[in-house]
Amino acid sequence: GTDYQVVGTSDGRVVKILTDGTTADLVTGKSTNAGVRYRFATYNDLLHITNGYDAPMTWDGTTFQNMAGTPPATGQVIVMHGNRAFMTASAVPSRLYWSKLNNTVDWVGTTDAGFMDVEPNDNSTIIDLISSIQELVILKGRRPYRLQGIGPTTGYTVADHLVPAVGSVGGISSQGAQFALNDVYYVSELGLHSLTATTQFGDLTESFLSDRVEPYFRLDTDFSLVLANLRTAALAYDSQNNLLYLSVCANADAVNDTTLVYDLLLKAWTVWEDTPFVSLFTVRNATTGARDVWAGAANWFVYALNRSSGSTEQISGVVSHITDCGEPGVQKSLRYGFFYFSTEDFGTVQITTVFDFGAAGGQVYSANLAAGSSVWDSAAWDTNLWDAANARTGIIRLDLSGLGEVVETSVQNLEPNQPFTWLGYEYMYRDRRHVRRPRSLA
């Protein structure tokens, strides 16, 4: 088949992105309301489109039209699950609709197609829908629910199919949930959560992933996000690298500007600042076949987040990591740092340390990535220990100074045409004293 990249815009258009980076309008004149958030879902080569304000739409690669089959008039969230389309509608915000089995453009009837009201009196609305393993996870503002069963020909009932997830907090963003590595991940007013199926009772248990970057989700810290704007947060899953990208707003302009990146395997966070990503989505790279993560930005650009920079592209960036070195509650004196980079890199990077989220200062170091040194000099390469003839990894050693329980380390290139690949790092330090009861941050 043919792959298309289709996006909705804030000026009322739905466009497809052409191979040369330009766009072609599929439709114009749609809602320009500030709350518009487009959702897309594909079934049998038919693209289904909703935005919460206009009538649901479809596109088959040729014909763009309003969705047939009498769907909800203002469809908001749409997903495919169990050979049906499931939809919410802004007019009845606690109601879940589903199409007929194997026919996503037929919503007529109350048996095969139908709807149910999901706890309509709990003072919250349905935020998002996520297709999970043998069940549909319904994220309300109060808590998640589970719609169990795949494809009953007589539809679903509250009594037979709807159960709440135990001990959970609800969602907050209609773009803030993903299914990855057999778990459901979603954003709440408290941070990032995961729902994992248990083997003992078949229930879902909740984990709180963002406790390691808790200052971003608390009031009155140097890193506090604008928590009222978490409703615009966007979450995407990078299946190529097992990363979750969470785009959030750190200032009062109601536009996302910071991206928190979570490594699902290393269970570590990095922070990208100055990233105005309004939406995040995945597309198949036509050249490599891999899945790219794209970001639609407030500056009208579309960015590819997980694509290798190469040696000629003009890419500048900063990556960072926060750690307590595995000893929460203990103040450390850092002595040496060993930073691992690809030997294909060149130019100069700036390495910055910040202790205790800025409360205890930090240092800035410059490191030359040009290969050549054969000893562990400060801020110089060591390639001989890694087979100098075919070295793929180089080490920068830094003499460090600073005291703190938690250290945030960031690496930034100083010129946009000098890309770098930060492979990892290690710290050597001395324990100084206990400063509080342990609670791990990394």
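First, the ground rules. The model is predicted: local features need pLDDT of at least 70, side-chain atom pairs count only at pLDDT 80 or more, and totals for chains, interfaces and linings use all residues. Numbering starts from 1 along each chain as its sequence is written, and side-chain values use heavy atoms, with hydrogens and water left out.

Now the whole chain. We have one helix and 34 strands. Those are DSSP runs, numbered from the N terminus: helices are H or I with at least four residues, strands are E with at least two. Of the 442 residues, 51% count as buried, meaning under 20% relative accessible area with a 1.4 Å probe, protein chains only. The accessible surface comes to about 20,700 Å², by Shrake-Rupley with a 1.4 Å probe. Carbon and sulfur atoms hold 48% of that surface.

Next, the sheet with order 1-2-3. It is open and antiparallel. Strands pair if DSSP finds at least two bridges between them. Strand 1 (5-8) and strand 3 (23-27) are the edges, each pairing on one side only. Neighbouring strands here are turned by 35° on average, direction ignored; axes are lines fitted to C-alpha atoms. Strand 1 and strand 2 (residues 14-17) share four bridges. Gln5 sits opposite Ile17 there.

Then the sheet with order 4-5-6-7. Four strands, open, antiparallel. Its edges are strand 4 (39-43) and strand 7 (64-66). Strand 6 (residues 57-59) meets strand 7 over three bridges. In that pair, Met57 has Asn66 as its bridge partner.

Key
Buried < 20%, exposed > 50% of the residue type's maximum accessible area, 1.4 Å probe, protein only. Axes fitted to C-alpha atoms, helices over the stretch in contact; angles between N-to-C directions.
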